[in-house]
Amino acid sequence: MAALHLINDTNLHQEEDLAALLSLTDPEQIEQLRQRAEAMTLQQVGHRVYFRGLLEFSNRCALNCLYCGIRRDNDAVARYTLSLEDIRHGARRVAERGWGSLVLQSGENASAANVDFICNAVRCIKEDTRSSRLPSGLGITLSAGVYSIDVYRQFFAAGAHRYLLRVETTDADLFARIHPADQTLAERVQALEDLRAAGFQVGTGVMIGLPGQTCRMLARDVLFFKEMDVDMVGMGPYQPHRDTPMAGLPIISAEERLALALRMIAVTRLVLKNVNIASTTALEALSPSGRELGISFGANVAMPNVTPGSERRKYQLYDGKPCLDEAADESGIALRQKIESLGRIVGIDEWGDSRRFCDR
Ligand code: SAH
């Protein structure tokens, strides 16, 4: 019953305690963990779930992450960048649906021309989406990688106010095994600090079920989120991509990766309490009900994909990435019904900012 005592501990902060919860295998104990995380979610951030339309605006990438399907050296990928018009069109549709926020995600491209392009797109979206329903326009989250603090300031001045940058893992050895030598954990951590200094609500996260990753490492990841005092967390199961150097490495089964990712969401909710946590697409890759499971284990944000269907299949970060069928995710109706069946409601015409940020 040691686990039960931990599940009800309101001051979880010991690595071994977090690791014990992440390692749970008994279905009853896992259900207790889920219920506790769900109760914490309702108490800390309310019963609304916020949608962010996800627009994957470019798959061009200067980096060579060993796990990622759009890595620089993957020649099998046809590269694209959406036109400004397509981005504006996508953003207007998100606003029309009443989803108060948009995530602009891409590979990494630090050229001055790309920085200008992003700033301009953000300004145009803000202009286009101001209305009586949404007086400040869509909330805009960027997820476009590592830049200098000056560039982050430009993005913020243009009107973006949230930024997602996963550290992928906080274990230095594991980080080094899944990235080329010229990419470092320190650089990502510095970028998170720069983002905070530039004024952003800051989100980070990790992949779950990486080759060689342990529950101890994941426990330290959660403690890192707490120590960095992040506003948002986005995590998902690692899923191999056939055209990457990591494709053949041994990993735990899809079922175990999904279950571990759900426990990771629950533990993150119990430790970080009032942050926004996303139920990510990668959960859906492992189970058709992956995203509602994520919500029921403590997430309060979902990101329906609004990338145009013609390009969506070129943004394959991993094999089996769902929602390649445009209609499946676009309306968000199915997802909304699933969320309502959990007794939650979808926030309409609201940014749904992190309670943690607002309370700080
Ligand atoms: N270039 C941006 C964001 C694009 S990728 C950045 O680096 O922040 C967004 C996220 O997809 C990455 O942070 C990573 O966690 C995830 N991802 C990439 N490849 C993956 C894989 N094979 N399995 C699961 N998630 C993956």
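**A conversation about the chain and some of its residues**

Student: Where is the place of Asp349?

Tutor: Asp349 is in the loop that runs between β10 (345-346) and α16 (355-359). Please keep in mind that this is a predicted model.

Student: Is Asp349 buried, exposed or partly exposed?

Tutor: Asp349 has a relative accessible area of 21%, so it is partly exposed. Buried would require under 20%.

Student: And what about the phi of Asp349, positive or negative?

Tutor: The phi of Asp349 is positive, at about 55 degrees, although this residue is not a glycine. Lys273, likewise not a glycine, has a positive phi of about 60 degrees.

Student: Where does Lys273 lie, then?

Tutor: Lys273 belongs to the loop between α10 and β8 (276-279). Its relative accessibility is 23%, and therefore Lys273 counts as partly exposed.

Student: What does the C-alpha trace span along its principal axes?

Tutor: The span is about 60 × 45 × 40 Å.

Student: And how much of the chain is buried?

Tutor: Of the 360 residues, 60% are buried. As for the surface, the chain exposes about 13900 Å², of which carbon and sulfur atoms supply 51%.

Student: What share of the contacts comes from residues 24 or more positions apart?

Tutor: Such residues account for 75% of the contacts in the chain that have a separation of 6 or more.

Student: Which residues have the most contacts inside the largest nonpolar core?

Tutor: They are Leu104, Tyr152, Phe155 and Tyr163, within a core of 106 residues. Helix α10 (residues 254-272) contributes the largest share of this core, with 11 residues. There is also a second, separate core of five residues, and Leu54, Val103, Val301 and Met303 are among them.

Student: Next, Leu283. Is it buried or exposed?

Tutor: Leu283 is buried, because its relative accessible area is 0%. This residue lies in helix α11 (residues 281-286).

Student: Which residues does Leu283 touch, not counting those up to four places away in sequence?

Tutor: Leu283 touches Pro237, Leu258, Ala261, Leu262, Ile265, Gly290, Arg291 and Gly294.

Student: Now Ala197: buried or exposed?

Tutor: Ala197 has 53% relative accessibility, so it counts as exposed. Ala197 is part of helix α8 (residues 185-197).

Student: What is Ala197 in contact with, leaving aside its neighbours within four places?

Tutor: Ala197 is in contact with Ile149 and Arg153. From C-alpha to C-alpha, Ala197 and Ile149 are 8.1 Å apart in space, while in sequence they are 48 residues apart.

Student: One more residue: in which helix does Gln29 lie?

Tutor: Gln29 lies in helix α3 (residues 27-45). With 17% relative accessibility, Gln29 counts as buried. Gln29 and Ala3 are 26 residues apart in sequence, and their C-alpha atoms are 7.4 Å apart in space.

Student: Lastly, how many positive and negative side chains does the chain have?

Tutor: The chain has 41 positive and 46 negative side chains. The centres of these two sets lie 3 Å apart.

How values were computed:
Residues are numbered from 1 along each chain as its sequence is written. This is a predicted model: local features need pLDDT of at least 70, side-chain atom pairs count only at pLDDT 80 or more; totals for chains, interfaces and linings use all residues. Side-chain values use heavy atoms; hydrogens and water are left out. Buried means under 20% relative accessible area, exposed over 50%, partly exposed in between (1.4 Å probe, protein chains only). Contact means heavy atoms within 4.5 Å. Accessible areas come from the Shrake-Rupley method with a 1.4 Å probe; for residues, only the protein chains shown count as cover. Lys and Arg count as positive and Asp and Glu as negative; His and the chain ends are not counted. The place of a charge is taken as NZ of Lys, CZ of Arg, CG of Asp or CD of Glu. A nonpolar core is a set of buried Ala, Val, Leu, Ile, Met, Phe, Trp, Tyr and Cys residues joined through side-chain atoms within 4.5 Å. Helices (H or I, at least four residues) and strands (E, at least two) are DSSP runs, numbered from the N terminus.
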